[in-house]
Amino acid sequence: MDRINLTDDLTLSRLVYGMWRLGDDADTSPAHVQAKVEACLAQGISTMDQADIYGGYEAEAILGAAFRAAPGLRDKVELVTKCDIVAPVGKYASARVKHYDTSARHIRASVEASLTHMATDHIDLLLIHRPDPMMDPHETGAALDALVTEGKVRAVGVSNFRPWDWDLLQSAMATQLCTNQIEMSLIARDSFTNGDLAHLQRLGVPPMAWSPLAGGGLFGEGDAAMRLRPHLEHHATAQGVGTDAVAIAWLLAHPARILPVLGTNSLERIARIADATRVMLSREDWFELWTAAAGQEVP
């Protein structure tokens, strides 16, 4: 498994295991969660993607229970988590409205809670989950810098930020933002042409891709999925992998060094995540899939 350098002392596995639906599994026992992590590690996938809000603010604690039950497991992985979304569920059930909070107080409280929930003394990568229209970049930037200085967070980045959001926050920070996790898939292609990827490439920053299989939409009955299906099946058959591996390989082929975040609760599917790294796509193959998804050739 290839690894991608985000900072001088932090590398992530090229494929990342996403834990958005960790709490949705019928079995959330420490032993079963450990089995998922071990299945990832067996393929060289060592980066686990979390967020405080996942599972109604409970997914981090489910992972932490596995770490407590299996001493040493935490040391084998890189932990990514996110903060700033306040939704009226779980510990924020009393919130009157869903909102974002990038205040220093909220960021620090969220990080402290994440450390406790995940049974760790540091977070490898902390992301601001959503752009906050009320963000004070100086307050937010200082809070993130302080967490890095204190060693509670090794590196910081953002998620779903547009280039101007990134530039505003970075302008108030000493620490360099090291990634932007954005939606990217054969169906969600806007970032390839709207400047989001170009901005990160200019900075030399590897992006992370959430929902790289469009939340399963690539295999549904939508128009784009139906157009893509025969093309994905052709490449999958030719290379002896599943169609999902071809869709992920399409992202891996891009020169931006995209890190797809893949989430599934099936141990069988987890064991096949790395198949995507074996798929070879030519430039024409890449545009063939783009054209099928778009329903028209490029201009």
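Leucine 126 stands opposite valine 156 in strand β9, and this pairing belongs to the 5 bridges by which strand β8 (residues 123-128) and β9 run parallel to one another; two strands are taken as paired if DSSP finds at least two bridges between them. The model is a predicted one, in which local features need pLDDT of at least 70 and side-chain atom pairs count only at pLDDT 80 or more, while totals for chains, interfaces and linings use all residues. Residues are numbered from 1 along each chain as its sequence is written, and side-chain values use heavy atoms, with hydrogens and water left out. Helices (H or I, at least four residues) and strands (E, at least two) are DSSP runs, numbered from the N terminus.

**Strand β9 and its partners**

- Of the 7 residues of β9 (residues 153-159), 6 are buried, so the strand is largely enclosed by the rest of the structure; buried means under 20% relative accessible area, exposed over 50%, and partly exposed in between, with a 1.4 Å probe and protein chains only.
- β9 is also joined to strand β10 (residues 180-183) by 2 bridges, and these strands run parallel, with serine 159 standing opposite glutamine 181 in β10.
- Together with helix α5 (residues 137-150), β8 and β9 make a right-handed β-α-β unit, where right-handed means that, with the strands pointing away from the viewer, the path from the first strand over the helix to the second runs clockwise.
- In the loop between β9 and α6 (163-170) lies asparagine 160, which has a positive phi of about 65° although it is not a glycine, and which is buried at a relative accessible area of 15%.

**Helix α11**

- The 12 residues of helix α11 (residues 283-294) should span 16 Å at 1.5 Å a residue, and the end C-alpha atoms are 16 Å apart, which agrees; the expected span is 1.5 Å times one less than the number of residues.
- Asp285, Trp286, Leu289, Trp290, Ala292 and Ala293 are the buried residues of α11, and, seen down the helix axis, they fall within an arc of 165°, so they line one face of the helix; the arc is that of the directions from the helix axis to the C-beta atoms.
- The cover over these buried residues includes α8 (223-239) and α9 (243-252), contact being defined as heavy atoms within 4.5 Å, whereas Arg283 and Glu284 are exposed on the other side of α11.
- Glycine 295, with a positive phi near 80°, follows α11.

**Residues in other loops**

- Threonine 264 sits in the loop between β12 (259-262) and α10 (267-270) and is buried, with a relative accessible area of 11%; not counting residues up to four places away in sequence, threonine 264 touches Tyr17, Gly18, Arg269 and Ile270.
- A polar atom of the threonine 264 side chain lies 3.2 Å from the backbone nitrogen of serine 266.
- Aspartate 84, in the loop between β5 (78-83) and β6 (85-86), has a phi near 125°, a positive value in a residue other than glycine, and is buried with a relative accessible area of 0%.
- Glycine 204, in the loop between α7 (196-203) and β11 (208-210), is partly exposed at a relative accessible area of 43%, and the C-alpha atoms of glycine 204 and threonine 149, 55 residues apart along the chain, are separated by 23 Å.

Key:
Polar contact = N/O pair within 3.5 Å; in protein donor to acceptor, adjacent residues only side chain to side chain.
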